[in-house]
Every structure is written in C-alpha cells, then in structure tokens.
Amino acid sequence: MNNPVLLIVIPLLLAFLSVIIKKAGKWLLLVGLLFNTALAFFITTGETIIGGFAPPYGINLVVDQFTLVGVILINTLMLITIVVSFDLVGKYSIVLLTALAGINGMLLTGDLFNLFVFMEITVIAAYILSAQAKKYHHTITYLVIGSVGSVLYLLGIILLYNLTGSLNMADVAAKLPLLTTKELLVPVLLIFIGIGVEVKLMPVSGWVKGVYSNANRLIAPLFASVIAGTALFVFGKLFVSVLPVSDTLTLLMLIMSVMTFVFGEFAAFNQKRVKNILLYSSIGQAGLVTALFISGLVYAAVILLISNVISKLIMFTIAGAFTEKYETDDYESLNGVFVHNKFTGIAFTIAALSMAGIPLLIGFYAKLNILIGFFQAQNYVLPAIILLMAIVEGAYIIKLLLALWAPGKEGQVSEKSFAVEKKQLLSVKNTIICLIVALVIIAGGVLIDITEKVVTDGQPLLGDQSPSFTISQSKGGE
Amino acid sequence: MKEGKKINLLTAQNTAIVLFFIGFYGLCARRNIIKTIISLGIMGGGVILYFISINHQPNSMPPIMGEVGIVYADPLPQALVITAIVVGISVTAVALVMFISMYHTYGTTNWQKVKKMLNERKNK
C-alpha cells in the first residue's frame, strides 16, 4: 500500500475526476492532499520500478532520506496552504491537483527526462495559477522565461544523453567521472540555468516580482514555499548526487548563487511593500541554499531550506491577508496593524525573527550549521558574506516589524489611536494554524537533537559528510 | 581528405542549431507577443530535431530484435520526443490563452505598448 507511485497517481486521478464532478472539486483536492500527506509519512526508502523495465532502461522512482524529507515537508506545506485559504480555491482545484502530482513526481523521479515532464506539468499549473491576479502580462513574462528555461534544460539533458548514453540519474552519475570538464561544461550549465528559472537564480528571476507581488493569500505561499521548495530540493538532488562537477564549473555556479544571494538581500532592503520585501528575501535565500548545495553542505542547506519555506508560508499568507483586507501591503500605510491582531502578529514575528537568525528559532540553527560547515572546510570568504548579509537582513526585518507593530510614524509617540483602522486579518481557525506552524519553528530551533534525528534519521543526506551541530558539541564534547 | 568527398553542412544537427538560434533571435528582437510565442515554438522545434538527429546512422533499421548483424536505430529519442512535442504544444496553448486574455485587457500585441499603458496607469 505504501507505494510512492500513489503519491503521483492519486492526485492525477482526482484531477480527472474533478473535471467530471466540478462541484466536488474543492473536496477532492482536500481528499488528495490529506491522502498524500498521510502516505508521505508511511513510505519507506527504496527504489520502485515502473513499467517492468529495469533501470537504466526503464523509469524508476527513488526514495532516499533526502527525498523523504522533501516529500513529507512539501505535501504538508501544501496541505496547510490549502486549508488556510480553502475559501479561495474555487475553480483552481483541478490545477492544484495537477500541480500536486507534478510536484511529487519531481521529488521522486530517478530519471532526467521524467523530471523534465513532471517539471513541465508543475510549471504549466503554475502559469495558470499566476494568472489568478488577472495581470496577464506578468503571466506571459513568466511563461516565456519559464519555457526558455525548460527548453534549455531539455537541451542540457539531450547533450548529457549524447555523452553518457543514459538518462537514468544513477547511471549518469556513475558514468560522469569518465568525462572531462570541457565536455561537461555546456550540458551542466544548460541544466543549471533551466532549473535556475524555477529556483529563482538572479539573471533568470525577472518573472518573480510580477508574479509574487500580485498573488493572493492562496497563490503567494503556494509559489514561495511549495513550488520554490520543490525546485530547491530537485536542485540539491541534481547537483549533489547526479552532477557533482569539477572546480571550474563549481566556481562559476557558486558565483552566480552568491550574487543572487547578495542581490536579493540588498533589493529586499530597498522595498516598501511587504510582499516585495518577502519575495526578494526568498530570492536571496534561494541563492544561499544553492550555494550551500554546490559547496556540498547538504545538511545545512536542507535545514535552511526547511526553515525558510516554513517562515515564508506564514509570512506570505499574512501579507496576502493585508492586500485582501486593506487593499495595500505598503508597510508605511499599515502602521500598527498587529496591535489589533496580536496573535497573527506573533506568528508573523516568530517567522520573521527565524529568518533573521535569532537564537532559539530554527533559522538560527540553520545559520549555525552553515557557519560551522564552512569553517570546518576552511572556507572564510562565504561566511564573511553571509554574516554581512545577516546585518542587512536583520535591518529590513526589524524595520518591517517596527512599522507593523508600532502605531504612529517615526518620531511620534506610539499611541493606539494612530494605528490603522481595526480589521480582522485572519479568521480564528487560520490564526491558530499559523500559530501552530510558528510553534514548529520554535520547536525546531530549541530541540535541535530531535530536529537532526527527524531530518537525517541517522544517515548522511546524499552521502554528505559535513558536520551538524548538536547539543553535545555545545557542552564541549564531540 | 580524398577528392570527391565534400563536407556536408546541411545535416539535421546543423539545421537544428540554426533553428534554435532563429528562435532565440526572435525571442530577443521581436516586440510582438504572438511572434514571441512563435519563437518559443521554433526554439523547441530546434531542440527536438537535435534530439532525434544526434544518434542517427544512415541505413539503420527499426529496433525490432531478431536479425543479427544489422545497425539498429536508437529508439529512445523517438519515444521521448513525442512527449516533448506534446509538452511544447500545451505550453503554446496556455501562452495563447494568456495572450487572448491580455489582448482583451490592453488591446495591443506589442510588449512596449503594454509597458507604456501600465506606466500611464501607475502615474494616474
């Protein structure tokens, strides 16, 4: 019963059913998500062969610890997003179910061409979802950039097929040492750019602002945490275990990732709208995660990825509620909005502080692991950049939180009467869900030994040998 | 090189590369949104042609096992290309739907005019 194929097949079946039974679409979506989330906790690591042909000729689904973390995390996050914004689902249930199937396929597949197909399924669903804001020129921009990315990815895997004679990930990885850097340069860079469109790396992330900043309470967290998280997991799988490349290529990709990180954080500092701050911050964090994957610090990258997508889920949901209730998300005209909505504000604040890396939250644990990993690898340039950017990050988060909590302009004495007019941001149910997710952020940061056990299950992720920080280390022991 | 043997430039691979860059040029240089979508199609077509041509050998037979001593064609690209074509068509369809919706809003097919209209709306 716990066959990972069901994670892909059941949502697709329900998507076809919801074409026939349109009225039940919303409920079918909920059933599909509940089924997937429940099943994700029961699948075990191993390989599933599809179609009766043994790999490398046939297609297989590979579940390792890394994929397992991804599947559980992404399905749960999507369930939370849909439950919080269930009233906005409406006609989009078919698209969301298709996206769910595509996302699970992307995470599970062990074949490069299969990955292309699942990526296209997800991305086409994402195009349709991004049209929800009725800003069609942004959708077309996204569509054009996304399609070019897909074509480049396809070209990359074709060249790789030409070189290795295989499209199976494990087989390609085994044959890769026989090839020279010169031969690998073009295919690896093409795949890097192709995946980079979804990951939001800098030169190809032009679509992000238009799509994210107009998205509503349902679509924004879906893009920022579910789809972006999936893309990052796929990136990690590809560039750590399938295409571990040589120094020249690593340097090239590392420079692009770090530039994305620096650009994202500085751009976020400059913004006035809450959603814009969050979207540039997620571009920056995506750059950092890719830089970590390329440097081989898999555990640190996964923890950062988890902390980032959970924070972004809460923050984009609340930012969506701002536009919904106040018709603006400019933080200067939302002074003291959290005075009226204290519990929503607490959830938002915990998520924001975790992003800034305040101790006792999971974001701090992520940053700690990153720094320890880099120092043990005797790399001192990247930690310097990360710490410098942490100041920028802290600055815009404090600025944002101050504006949203304190009524009155700068220089004024804060009084409750200066705050914006009172409106309930999220319903009681949604506030409770946001608070529970915020509790996960705290729990992940305080109980770090449990966090490590849950994420790694005692095995190194993708053969990663980098250290992870535990309580025993803090007491001076190894 | 012996006389009488010329280098054949008109191979499927070269055609594919030229097609790909025609598409890329169209994407960069054309302001018409329909032409942008067509360019995407041309780029995809170039990649697909490249895929089926990379392992092509003249006089190869369909890969039905049985006879010995014959060069068999590589079946994988042909099987995968069908999927890639279908994916390409779906993307084009979605792109055209989005274009029609946009055309109803702005009444133009030109990227620059759309941007201009947006700026005017913002200034108002």
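Reader: What are the ground rules for the numbering and for the use of confidence?

Author: Residues are numbered from 1 along each chain as its sequence is written, and chains are lettered from A and ligands numbered from 1 in the order in which they are written. The model is predicted: local features need pLDDT of at least 70 and side-chain atom pairs count only at pLDDT 80 or more, while totals for chains, interfaces and linings use all residues.

Reader: What scores does the model have, and where in chain B is confidence lowest and highest?

Author: The model scores ipTM 0.92 and pTM 0.94. pLDDT is the predictor's confidence in each residue, from 0 to 100. Chain B averages 87, and 96% of its residues score at least 70. Within chain B, the lowest mean, 86, belongs to helix H4 (residues 111-123), and the highest, 93, to H2(B).

Reader: What makes chain B more spread out than a compact globule?

Author: The radius of gyration is taken over C-alpha atoms, and the globule rule is 2.2 Å times the number of residues to the power 0.38. For 124 residues the rule gives 14 Å; chain B has 22 Å, well over that value, so chain B is more spread out than a compact globule. Its C-alpha trace spans about 75 × 40 × 15 Å along the principal axes. The secondary structure of chain B is four helices and zero strands, where helices (H or I, at least four residues) and strands (E, at least two) are DSSP runs numbered from the N terminus.

Reader: How does chain A stand against the globule rule?

Author: Chain A has 20 helices and two strands. Its radius of gyration is 22 Å, close to the 23 Å that the rule gives for 478 residues, so chain A is as compact as a globular protein of that length. The C-alpha atoms fill a box of roughly 70 × 60 × 40 Å along the principal axes.

Reader: What share of each chain counts as buried?

Author: A residue is buried if 20 or more other C-beta atoms lie within 10 Å of its own, exposed if 12 or fewer, and partly exposed in between, with C-beta atoms placed from the backbone. By that test 57% of the 478 residues of chain A are buried, and 23% of the 124 residues of chain B.

Reader: Why is strand E2 of chain A called largely enclosed?

Author: Four of the five residues of E2(A), residues 59-63, are buried, so the strand is largely enclosed by the rest of the structure. E2(A) pairs with strand E1 (residues 46-50) of chain A in the antiparallel sense over five bridges; two strands pair if DSSP finds at least two bridges between them. A:Thr48 stands opposite A:Leu61 in E2(A). The loop between E1 and E2 of chain A holds A:Pro56, and the peptide bond from A:Pro55 to A:Pro56 is cis, with omega near 10°.

Reader: Which residues touch the most other members of the largest nonpolar core?

Author: A nonpolar core is a set of buried Ala, Val, Leu, Ile, Met, Phe, Trp, Tyr and Cys residues joined through C-beta atoms within 7 Å. In the largest, of 198 residues, A:Ile157 and A:Phe223 touch the most other members. Helix H13 (residues 298-326) of chain A gives the largest share, 19 residues.

Reader: How do you know which part of chain B gives the most to the side that touches chain A?

Author: Two residues are in contact if their C-beta atoms, placed from the backbone, lie within 7 Å. On that basis 24 residues of chain B are in contact with 20 residues of chain A. H3(B) gives the most to this side of chain B, with 13 residues. By class the side has 18 nonpolar, six polar and no charged residues. Ala, Val, Leu, Ile, Met, Phe, Trp, Tyr, Cys and Pro count as nonpolar, Asp, Glu, Lys and Arg as charged, and the others, Gly among them, as polar.
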